[in-house]
Amino acid sequence: MLRLDCLRAIYPDLEKSLVVTIMGALPAELQSLGHRPNFFYLQHAMGLASSTGLGLALSLPQQRVVVLDGDGSLLMNLGSLSTLARYKPKNLLHIVFDNESLLSVGGFPTATSTGTDLEAIARAAGIPKTCTVSTVEDFATVVREAISGEGLQTIVAKVEATGPKAFVTDLGLLENRFQFRRYIQSLASKPR
Amino acid sequence: MPVSLENSQLIYRALKSCGIQLLSALPETWLVHLIQIAEDDPQMTLVRLAKEEEGVGLSAGAHFAGAKSAMLMQNHGFLAAINGIVSFAHLYKIPLLMLISYRGTFGERDPWQTQGGNVTEPLLRALNIPYSFLDAPESVEKRIRQAHTLAESSLQPVALLLTRDLMWVE
């Protein structure tokens with residue numbers, strides 16, 4: 001399963017969500033499908049995409065928040081799973097693309113390549129709903145159900161360790177950050 | 001416990017008057033009353049963290065959402081949050097109001113706190129983070145308001161060091 005195919009399959013479903021991604025291949029692929037003002041790409045600070053999603057979800061309980069995380073990033077901030085589970089925001093969906101690799105820095109294998117099970121860690125941390133998927137069809141189905149439903153969920157998607165050749169796009173980091181905040185301001189109190 | 005309840009209440013009231021709605025925190029002795037007051041306040045979203053660096057993400061998310069936030073941590077927690085401060089708050093111009101208990105300075109009895117005390121201010125300066133002290137009850141409200149104002153106008157982290165003189169009653 002390719003992460004790009006997963007992203008393509010759920011791209012229409014992300015239209016009304018506040019989306020926070022990690023750095024590297026993932027945001028480059030998402031931008032290749034088309035940047036939207038409701039997408040924020042955290043192009044550093046590995047591990048903090050889930051924490052940022054929690055801050056958004058707690059502050060905007062009427063908005064759906066989707067975090068697109070990765071195995072390397074999540075392994076740097078496993079404590080975040082216990083914090084998410086502690087507060088269980090109903091509007092937060094946590095997707096982890098697990099390619100068992102730190103792809104963006106040259107493909108070094110992460111601990112998930114030697115047996116660490118991120119879904120099991122999420123479940124044991126107290127995330128109320130978790131699953132692992134390995135086909136695009138299953139991925140799209142569980143993501144759609146989660147986006148249209150309620151409740152904190154971690155979805156681990158097992159994907160191949162491949163990505164685009166280049167990660168830098170023409171979207172400036174600050175441009176993205178200010179546009180994202182303005183987008184949220186424009187929502188005012190509109191329900192999702 | 002000789003942590004000043006009165007001065008903790010003073011600090012909390014000042015945070016509330018700045019409109020702080022979300023507080024991230026990791027417990028430490030000097031912060032126990034502050035965290036308890038936040039816990040008892042139904043208007044406050046208190047997020048108890050596993051590690052202080054998470055608080056940078058929490059505050060960034062709150063800022064994007066238009067909510068005002070602050071971070072409560074010990075100076076060793078500040079050390080643990082530095083990558084997030086540099087590679088998120090500085091990189092993306094995120095305002096952070098950091099209240100940091102300043103352990104390991106004059107009067108410190110716990111040997112394990114002393115190294116953190118030595119490096120806190122040099123690190124704040126190296127990181128170009130504006131900082132000031134909360135050291136007397138009469139200036140607490142004004143300092144917190146000024147720190148918050150600067151964080152919001154400059155879109156950067158600002159630190160207030162909570163001192164023994166304010167937090168500890170002997």
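How many residues does the contact take from chain A and from chain B? It takes 28 from chain A and 27 from chain B. Contact here means C-beta atoms, placed from the backbone, within 7 Å.

Some ground rules. This is a predicted model: local features need pLDDT of at least 70, side-chain atom pairs count only at pLDDT 80 or more, and totals for chains, interfaces and linings use all residues. Residues are numbered from 1 along each chain as its sequence is written, and chains are lettered from A and ligands numbered from 1 in the order in which they are written.

Back to the contact. On the side of chain A that touches chain B, helices H3 (49–59), H5 (79–87) and H8 (173–187) of chain A each supply at least two residues. H3(A) gives the most, with eight residues. Helices are DSSP runs of H or I with at least four residues, strands are E runs with at least two, and numbering starts at the N terminus. By class, that side of chain A has 13 nonpolar, twelve polar and three charged residues. The classes: Ala, Val, Leu, Ile, Met, Phe, Trp, Tyr, Cys and Pro are nonpolar, Asp, Glu, Lys and Arg are charged, and the others, Gly among them, are polar.

Now the sheet in chain A. It is open, with six strands in the order E2-E1-E3-E4-E8-E7 and parallel pairing. Pairing requires at least two DSSP bridges between two strands. Strands E2 (39–41) and E7 (129–133) of chain A are at the edges, and each pairs on one side only. Neighbouring strands are turned by 15° on average, direction ignored. The axes are lines fitted to C-alpha atoms, for helices over the stretch in contact, and angles run from 0 to 180 degrees between N-to-C directions. E1 (residues 18–21) of chain A pairs with E2(A) in the parallel sense over three bridges. There, Thr21(A) has Tyr41(A) as its bridge partner.

Next, chain B. Six strands form an open sheet here, ordered E2-E1-E3-E4-E6-E5, with parallel pairing. E2 (45–48) and E5 (131–134) of chain B stand at the edges with a single partner strand each, so one side of each has no neighbour in the sheet. The twist averages 20° from one strand to the next.

Look at E4(B). Six bridges join E4 (residues 96–101) to E6 (residues 157–162) of chain B, running parallel. Ser101(B) stands opposite Leu162(B) in E6(B). E3 (residues 69–74) of chain B also pairs with E4(B), parallel, over four bridges. In that pair, Met73(B) stands opposite Ile100(B).

Is E4(B) buried or exposed? Six of its six residues are buried, so the strand is largely enclosed by the rest of the structure. Buried means 20 or more other C-beta atoms within 10 Å of the residue's own; exposed means 12 or fewer, and partly exposed is in between. Leu96(B), Met98(B) and Ile100(B) point one way, Leu97(B), Leu99(B) and Ser101(B) the other. In a regular strand, side chains alternate between the two faces of the sheet.

Last stop: Leu134(B), in strand E5 of chain B. Leu134(B) is buried, with 26 other C-beta atoms within 10 Å. Leu134(B) and Leu160(B) are 26 residues apart along the chain, yet their C-alpha atoms are separated by 6.4 Å. Not counting residues up to four places away in sequence, Leu134(B) touches several residues, including Ile11(B), Val140(B) and Leu160(B).

Note on methods
Two residues are in contact if their C-beta atoms, placed from the backbone, lie within 7 Å.
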